[in-house]
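Here is a short briefing to read next to the model. Have the sequence and the 3D view open, and let's walk through the features by topic.

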Amino acid sequence: MKPDEGGVARRYARAAMIYCDAHGGHEEFGGALATVLEAFQKLPLFESLLTTPILRREEKLELTDSVISALNLPIAVGRYLGILIAKGRVEHLGAISHKYQDFLDEKNKRARAEVYTAVALDDLMKQRISEGLSTRFGKEVICAYHVDEGLYGGVMARVGNTIIDSSIRGKLDAIPQSISALTS
């Protein structure tokens, strides 16, 4: 993370939330930001052109308008990118988009989880894990599932700053601590 990127992301994401509070379209705006980030990944030249000091602001805005139109994104997102261009903050768009999603999740009383298992899960198991986490945290939990063969078995989940580890590896790793506690 770049210096003060967290502060920049927070301010610009909050401004986007305030705009969407007044005009609606919270989910659409967040999705459009994610689409722009995908465009940056697929076409790194696009991001480079928006951040280079070689192009004038008008040229950057013209390019942005073309891309927003081609991707069929809301005009408000194009204007938002225009503000980021004017303030020299385009390179922070990833952090801004992430913070915006955090604010949106908080507003909609939902959380995101990274769930790790030793083997791929079927849809029924994924649903059970999602429901169990939602019950535990008292809000909808949206899970992203990953396979980590090093877990040997069981499940490990991270929801915000909370880690739930019922994996075999986690239990094996805890044995030395248990022995140390007994011998102290």
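Over which ring does the charged end of Arg 14 sit? That ring belongs to Phe 103, and the charged end of Arg 14 is 3.9 Å from its centre; the rule asks for NZ of Lys or CZ of Arg within 6 Å of the ring centre and within 35 degrees of the ring normal. Please keep in mind that this is a predicted model, in which local features need pLDDT of at least 70, side-chain atom pairs count only at pLDDT 80 or more, and totals for chains, interfaces and linings use all residues. Residues are numbered from 1 along each chain as its sequence is written, and side-chain values use heavy atoms, with hydrogens and water left out.

**Overall build**

- The protein has 8 helices and 4 strands, taken as DSSP runs numbered from the N terminus (helices are H or I with at least four residues, strands E with at least two).
- Along the sequence, these elements follow the pattern α-α-α-α-α-α-β-α-β-β-β-α.
- The radius of gyration is 21 Å, whereas a compact globule of 184 residues would have one near 16 Å; the value is taken over C-alpha atoms, and the globule rule is 2.2 Å times the number of residues to the power 0.38.
- Along the principal axes, the C-alpha atoms fill a box of roughly 70 × 30 × 30 Å.
- Of the 184 residues, 35% are buried (buried means under 20% relative accessible area, exposed over 50%, partly exposed in between, with a 1.4 Å probe and protein chains only).

**Aromatic rings**

- The structure holds 4 aromatic pairs (rings of Phe, Tyr and Trp, the last by its six-membered ring, with centres within 6.5 Å; planes under 30 degrees apart are stacked, over 60 edge-to-face, the rest tilted).
- Tyr 19 and Phe 29 make a tilted pair, because their ring centres are 6.5 Å apart and their planes stand at 45°.
- Tyr 19 is partly exposed at 33% relative accessible area, whereas Phe 29 is buried at 4%.
- Phe 29 also pairs with Tyr 80, and with centres 5.3 Å apart and planes at 80° the pair is edge-to-face.
- Tyr 80 lies in helix α5 (residues 75–86), so its pair with Phe 29 in helix α2 ties together parts 51 residues apart in sequence.
- Tyr 80 is buried, as is Phe 29.
- One aromatic cluster is formed by Tyr 19, Phe 29, Tyr 80 and Tyr 100.

**The sheet**

- An open, mixed sheet is formed by 4 strands in the order β2-β1-β3-β4 (strands pair if DSSP finds at least two bridges between them).
- The edges are β2 (140–147) and β4 (162–165); each has a single partner strand, so one side of each lacks a neighbour in the sheet.
- Strand β1 (residues 110–117) runs parallel to β2 and is joined to it by 8 bridges, and Ala 111 stands opposite Val 141 in β2.
- Strand β3 (residues 155–159) runs antiparallel to β4 with 4 bridges, and Met 156 has Asp 165 in β4 as its bridge partner.
- The hairpin of β3 and β4 has 2 residues between the strands, and Gly 160 takes a positive phi near 60° there.

**Around Glu 59**

- Glu 59 lies in helix α4 (residues 57–70) and is partly exposed, at 32% relative accessibility.
- The C-alpha atoms of Glu 59 and Leu 49 are separated by 9.3 Å, with the residues 10 apart along the chain.
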